[in-house]
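Colleague: I would like to learn how to read the pockets, cores and backbone features of a model like this one. Could we go through them in turn, with the general idea ahead of the particular case?

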Amino acid sequence: MTEEREAIADGVPAHVLFEEGLGLSYDDYILLPGYIDFHASQVSLETRVTRRITIKRPIVSAPMDTVTETEMAIGLALQGGLGIIHYNNTPEEQAAMVRRVKRFENGFISDPVVLGPRHTIADVDHIKQTHGFSGIPITEDGTLNSRLVGIVTNRDIDFEKDRSRPLAEVMTTDLVTAPVGVTLSEANKILKESKKGKLPVVDSERRLVALVSRNDLIKNKEFPEASKDPRKQLLVGAAVSTREEDRRRIDLVIEAGADVLVIDAAQGYSRFELDTLRYIKETAPHVDVVAGNVVSVTQAEAMIRAGADALRIGMGPGSICITQNMMAVGRAQASAVYRCAHYARQFDVPVIADGGIRGIGHILKALAIGASTVMLGSLLAGTAESPGEYLYENGIRVKQYRGMASLEAMNAGGGKRYLNENDGVQVPQGVAGTVVDKGSLQDYVPYLHKGISQGFQDMGVRSIPELHEALYSGRLRFERRTPAAQEEGSVHSLVSYREPRWGIR
């Protein structure tokens, strides 16, 4: 029966698809459908990021200064993914971000936006436009840990025509507060009884410590998929460079509680990275290390022999990366992921597909050729939780997004991942641009999750381990796509159309 089914099988197994020696991208192939006998809601996307770390959703954020800081790491971990905090900062600043993620308590806003009495209604308008909320605590000097003197909400300013009025004249001073140490259930009870929208948490000297929002409590009662360590703290990763001076950074972020370190090098096959990898494994064997970036089996072998707990795959496929054009070195991303994942599998080392992913279909294709997780940059850069403020470009709400090898990022320290020698000459391998507003991770990640689950259903597999079993057994079938086939599978033959935007009902 097996031989008969093999004889009539359409398409080809992965090893045939990739054996031609041509560099394949995600658009160069398509997966053939499988047999469906389950609902998409029955799909499990639980997967390993490293040898020892498992998450519920296969999404990792890129360690870029326009993608991952504290808010992204918290938001993604709550949604079952993992955030990797960038290092375009001082070691102390990066360690502080890691520490804030580890200390995060669901429901408590530990770093709320704060204004002072001399700020104006226009300042509140600006915060509402850029962050999407307007319940702002007012402290004596406009900073956190200063004495709380009031709060400004929509009802205080909605009908005020003069937006230059100072907040001291419109803020509410009759406040309901909670003391430090209040539990989330106690805070929820206070909000319910007071019918307030915001609950400031203050210390014995009435200094603002945190904030609890009714909307957050209603919207985020529980995060059953949250990525947590054995102590029930959120998981978080930190990027480090291969430079000798970053040994101090490594020590500080580990001390702050980082669960995984990503050695962030554009070309990881170097003495500098191998030395860094060995240093981390010798000084902190309890911390998992992602090594990379690599695209070949030779590179992968060296990283695994040196103790890598996962591999980061990709060199030049990112939307803001021009490495392949500038350096003439790299590899087509699908070929890189398949070859490295196939090799690493025999050592039980997961791989992260980093770069070249423009949507749900590419996520599915990366997982289908052996990746355990995908690392997202541009897809997460436009979310509310990414660093930076929104701006308007040709009437479209956008956020800035830049490659870590762009001149802008290198001037801020991003050149560390490219082995720059600080000789005054800079050769950019990335660009800066903008990406469209994607809203909050609280809505966006569930959208990605549902799309990926539906793709698994179409392939006839219920989990990532089952997908990989189908890949290596040959049960998963592929087909090459000609340029005409790619065009046929995209929108065509219309005079005009509106680009579909993800959404929820």
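Modeller: Let us begin with the pocket, which is found on a 1 Å grid over the protein atoms alone: a cavity is a set of points where a 1.4 Å probe fits but cannot get out, whereas a pocket is an open set with protein on both sides within 12 Å along at least five of seven lines, and lining residues have an atom within 4 Å of a point. The model is predicted, so local features need pLDDT of at least 70 and side-chain atom pairs count only at pLDDT 80 or more, while totals for chains, interfaces and linings use all residues. Residues are numbered from 1 along each chain as its sequence is written, and side-chain values use heavy atoms, with hydrogens and water left out.

Colleague: Which residues lie nearest the centre of the second largest pocket?

Modeller: Arg358, Gly359, Tyr447, Glu499 and Pro500 lie nearest its centre, out of 23 lining residues. Two elements, α14 (360–368) and α17 (441–459), each give two or more residues to that lining; helices here are DSSP runs of H or I with at least four residues, strands are runs of E with at least two, and both are numbered from the N terminus. The volume of the second largest pocket is about 930 Å³, where grid points are joined across faces, edges and corners and the volume is the space filled by probe spheres set on the points.

Colleague: Why is α14 described as largely enclosed by the rest of the structure?

Modeller: Burial is read from relative accessible area, with under 20% called buried, over 50% exposed, and anything in between partly exposed (1.4 Å probe, protein chains only). Helix α14 is largely enclosed because eight of its nine residues are buried, among them His362 and Lys365. Just after this helix, Gly370 takes a positive phi of about 120°.

Colleague: How many of the residues of the protein chain count as buried?

Modeller: Of its 505 residues, 52% count as buried, and the chain contains 19 helices and 21 strands. Taking a contact as heavy atoms within 4.5 Å, one finds that 66% of the contacts between residues at least 6 apart in sequence join residues at least 24 apart.

Colleague: Which residues touch the most other members in the largest nonpolar core?

Modeller: A nonpolar core is a set of buried Ala, Val, Leu, Ile, Met, Phe, Trp, Tyr and Cys residues joined through side-chain atoms within 4.5 Å. In the largest core, which has 114 residues, Leu311 and Phe456 touch the most other members. Helix α13 (residues 333–345) gives the most to this core, with eight residues. A second, separate core of twelve residues includes Ile121, Val124, Ile136 and Val152. Beyond four places away in sequence, the residues touched by Leu311 include Val290, Met303, Ala344 and Ile352.

Colleague: Where is Val461 found, and is this residue buried or exposed?

Modeller: Val461 is in the loop between α17 and α18 (464–473), and it counts as buried because its relative accessibility is 0%. Val461 and Ala40 are 421 residues apart in sequence, yet 9.7 Å apart in space, C-alpha to C-alpha. Leaving out residues up to four places away, Val461 touches partners that include Phe38, Val43 and Phe456.

Colleague: What should I check in the backbone around Gly292 and Asn293, and what is phi of Lys195?

Modeller: A cis peptide bond joins Gly292 and Asn293, with omega about 0°, and Asn293 lies in strand β14 (residues 288–294). Phi of Lys195 is near 60°, a positive value in a residue other than glycine; Lys195 sits in the loop between α7 (184–194) and β10, and it is exposed because its relative accessible area is 68%. Asp348 also has a positive phi of about 60° although it is not a glycine. Its place is the loop between α13 and β16 (351–354), and at 45% relative accessibility Asp348 counts as partly exposed.
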